[in-house]
Amino acid sequence: MITEATRAATIRLRRPASGYLLPVFAVLLIGLLLLWLGVNLVKAPENFGTVFFIGLTNGAVYALVALGYTLVYGILELINFAHGDVFMLGGMISSTFILSVFNLGDKAPLGDLIPAIIVSLLAAMVICAVVNATVEIIAYRPLRGAPRLAPLITAIGMSFILQDVALAWKGPEYVSVPSVLPRDEVFHVGDVVYTWNKLIVVIITVPVLVGLIWLVQRTKQGKAMRATAQDRDAAAMMGINVNRTISFTFLIAGSLAGAAGLLYALYFTQIRFDQGFQLGLIAFTAAVLGGIGNLPGAVLGALVIGFIQAFNEGLAWHSPGSDWTQSIVFSILILILVFRPEGLLGERTPEGA
């Protein structure tokens with residue numbers, strides 16, 4: 001009889017060489033990355049700290065968009081490529097309110113700024129939620145029983161339709177938004193200064209993220225969402241209105257996109273009709289990196305992508321530069337899909353393994 005030790009030794013001998021090379025390659029790559037970050041930290045600590053806070057702010061914006069992707073995928077297993085364009089419409093709506101309704105200019109007084117941000121945020125979230133739910137009813141619901149390729153192609157088509165709507169509305173040029181967020185110092189560590197425009201993005205983002213997790217984990221509607229995600233047929237037999245639950249999910253995802261659009265417009269001060277598609281792909285990569293369908297994973301992936309982009313574009317010592325940002329981000333997407341499709345925090349399932 002073959003002992004357990006002999007069987008284990010036989011399995012080790014039969015393991016292909018690639019099974020050993022992959023962990024070694026991953027450790028080597030992470031080691032080189034940490035070495036590069038360490039050298040930049042030692043050479044220019046002030047610049048490193050400034051770039052770190054920029055990455056944190058970018059990651060907060062990406063997290064709101066990535067959560068919309070992961071919510072919809074968790075319910076329908078559909079990659080809603082139109083979601084990035086809903087985010088873009090949120091930025092357009094916010095800029096319209098700031099410019100045309102409140103007539104804000106650079107360095108607007110605080111008494112005018114706070115109500116303008118609140119009203120613009122609510123308007124962007126409500127309108128984008130309605131747009132997203134309408135897209136689901138018109139484009140996705142009739143194809144719910146179709147092969148997966150059909151709704152995927154439809155999502156890409158809806159993305160171009162929303163881009164054309166924005167193009168007809170605002171034109172092909174960038175829409176500039178006044179720099180209304182204060183840039184005064186909040187605190188400083190050495191020569192690294194943290195300003196209010198970055199903190200305001202985090203102040204708006206964190207309650208939205210916490211509220212979403214509370215909604216999904218603690219409320220009756222959240223339980224219906226989780227039940228529908230697990231098994232739609234069983235959820236329907238238990239009395240859950242599946243269509244209403246899916247529409248509610250699209251409403252929440254659209255409102256997140258609207259909030260992200262406002263933050264993007266205020267922080268970056270310009271937006272164009274095609275930026276939703278580009279940033280949507282980055283946010284989708286963040287959702288896949290963290291584990292699509294996993295809410296904390298989407299936030300983690302968005303922060304990682306935000307830091308990667310900021311370090312790549314902002315560090316001085318041997319940084320590839322902004323021309324390489326998209327190549328690096330989508331290389332990460334390819335590597336994740338090939339070697340760990342469940343993401344950093346996702347669970348390996350028969351469908352995703």
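**Close-up 1. Crossing of helices H5 and H10 in the predicted model.**
Helix H5 passes helix H10 in a right-handed crossing. H5 covers residues 110–140 and H10 covers residues 242–268. Their axes come within 6 Å and cross at roughly 140°. That angle makes H5 oblique to H10, because a pair counts as roughly antiparallel over 145 degrees. Sorted by class, the contact of H5 with H10 holds 17 nonpolar, 6 polar and 1 charged residues.

Although threonine 269 is not a glycine, its phi is positive, at about 65°. The relative accessible area of threonine 269 is 21%, so this residue is partly exposed. The limit for buried is under 20%.

**Close-up 2. Glutamate 77 in the loop between helices H3 and H4.**
Helix H3 spans 45–76 and helix H4 spans 83–101, with glutamate 77 placed in the loop between them. Glutamate 77 is a residue other than glycine with a positive phi, near 55°. With a relative accessible area of 35%, glutamate 77 is partly exposed.

**Close-up 3. The antiparallel pair of strands E2 and E3.**
Strand E2 runs over residues 185–189 and strand E3 over residues 192–195. The two strands pair in the antiparallel sense over 4 bridges. In one of these, glutamate 185 has threonine 195 of E3 as its bridge partner. The hairpin of E2 and E3 has 2 residues between the strands. In this hairpin, glycine 190 takes a positive phi near 65°.

Is threonine 325 buried or exposed? Its relative accessibility is 6%, so threonine 325 counts as buried, the cut-off being under 20%.

Conventions:
Residues are numbered from 1 along each chain as its sequence is written. This is a predicted model: local features need pLDDT of at least 70, side-chain atom pairs count only at pLDDT 80 or more; totals for chains, interfaces and linings use all residues. Side-chain values use heavy atoms; hydrogens and water are left out. Two strands pair if DSSP finds at least two bridges between them. Axes are lines fitted to C-alpha atoms, for helices over the stretch in contact, and angles run from 0 to 180 degrees between N-to-C directions. Angles under 35 degrees count as roughly parallel, over 145 as roughly antiparallel, 65 to 115 as roughly perpendicular and the rest as oblique. A crossing is left-handed if the near helix is turned anticlockwise from the far one by less than a right angle, and right-handed if clockwise. Ala, Val, Leu, Ile, Met, Phe, Trp, Tyr, Cys and Pro count as nonpolar, Asp, Glu, Lys and Arg as charged, and the others, Gly among them, as polar. Buried means under 20% relative accessible area, exposed over 50%, partly exposed in between (1.4 Å probe, protein chains only).
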